[in-house]
Amino acid sequence: MTDERRIATWAAVVTAVAATLALGIGVFTPPRGGVLCTTGCIPYPYTDAAPFVAGDSIWIVPAIVMTLGFVVVTACLHELGRPGGRLAGLVALALATLASALLVGDYAVHFMVVMPSLAKGDGALVTILSIYNPHGVFIALENAGYFVMGLAFLATAGAVAGTGGLERAIRWVFLVAGLLAVGGLVVFAAVFGTDLDVRYEVAAISVDYLALMVGGGLLAVLFGRPLRMRAESRPDANLPRETGA
């Protein structure tokens, strides 16, 4: 196995494992604010969240690893993909990078601004940024990030070439997840309007994380397959290039 394929395989594995951890931890730390909260809800302005915020934020750590891993996976898919899927792979990489920037930036503000403010008794100053605020910046950036990730899934489905059962399975996983993540925001926004709250955020996280759990595992198998070397005539290179068997 070449270095490129080894990196691709491990990136897919790490992404799938991180998505599994983030979703698993998230199930046991349900939101303490918004319409979906049933017990232990923290009222506005969420200044009473200091004792809970660290435990409620654990899932974000593997989520960050997952989003960064997905960027590496799409980069590898673009690099190792067949010519017919390279443009879609490039689009997937661009969208995955944008989604990662939105989400990692959002989570960085949470860890470096919101959590210290709550711990020092300045929670009222960061109410609009709070993870518990269903109409705040944190939820808005998550909605944007996971929506863009859904777009990246659609491009990823187009980047996976081949007619084998594994390739078809990967395409279907990312195609269905992408349609649900993208279409979900349109449907939720149309139905709930300004009462969107955390509904789309919870749905998008569930869809995107499941897609990366399953799709990441399938991509790890695909990347780990033995490849044959063949020469390809391309305007930008005259060197042999690896392609799928």
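Trainee: How does C41 count at 41% relative accessibility: buried, partly exposed or exposed?

Mentor: C41 counts as partly exposed, because its relative accessibility is 41%. The cut-offs are under 20% relative accessible area for buried and over 50% for exposed, with partly exposed in between (1.4 Å probe, protein chains only). Before going on, keep in mind that this is a predicted model, with pLDDT of at least 70 needed for local features and 80 or more for side-chain atom pairs, while totals for chains, interfaces and linings use all residues. Numbering runs from 1 along each chain as its sequence is written, and side-chain values use heavy atoms, leaving out hydrogens and water.

Now, C41 has a partner. C37 and C41 form a disulfide, with their sulfur atoms 2.0 Å apart; the rule asks for a pair of cysteine sulfur atoms within 2.5 Å. By that rule the count comes to 1 disulfide. The torsion about its S-S bond is about -115 degrees, so the C37 and C41 disulfide is left-handed.

Most residues other than glycine have a negative phi, and most peptide bonds are trans. Y44 and P45, though, are joined by a cis peptide bond, with omega about 10 degrees. P45 sits in the loop between α1 and α2 (53-56), where helices are DSSP runs of H or I, at least four residues, numbered from the N terminus. Y46 is in the loop between α1 and α2 as well, and despite not being a glycine, Y46 has a positive phi of about 65 degrees. Y46 counts as buried, at 8% relative accessibility.

There's another positive phi to look at. D197, a residue other than glycine, has phi near 60 degrees and lies in the loop between α6 and α7. D197 counts as buried at 8% relative accessibility.

The largest share of the lining, 5 residues, comes from α7, and α1 (3-28), α5 (137-159) and α7 each supply at least two residues. The lining has 24 residues, and those closest to the pocket centre are G26, T29, P31, W59 and E201. By class, the lining divides into 15 nonpolar, 5 polar and 4 charged; Ala, Val, Leu, Ile, Met, Phe, Trp, Tyr, Cys and Pro count as nonpolar, Asp, Glu, Lys and Arg as charged, and the others, Gly among them, as polar. The volume is about 360 Å³, taken as the space filled by probe spheres set on the points. A pocket here is an open set of points on a 1 Å grid where a 1.4 Å probe fits, with protein on both sides within 12 Å along at least five of seven lines, and lining residues have an atom within 4 Å of a point.
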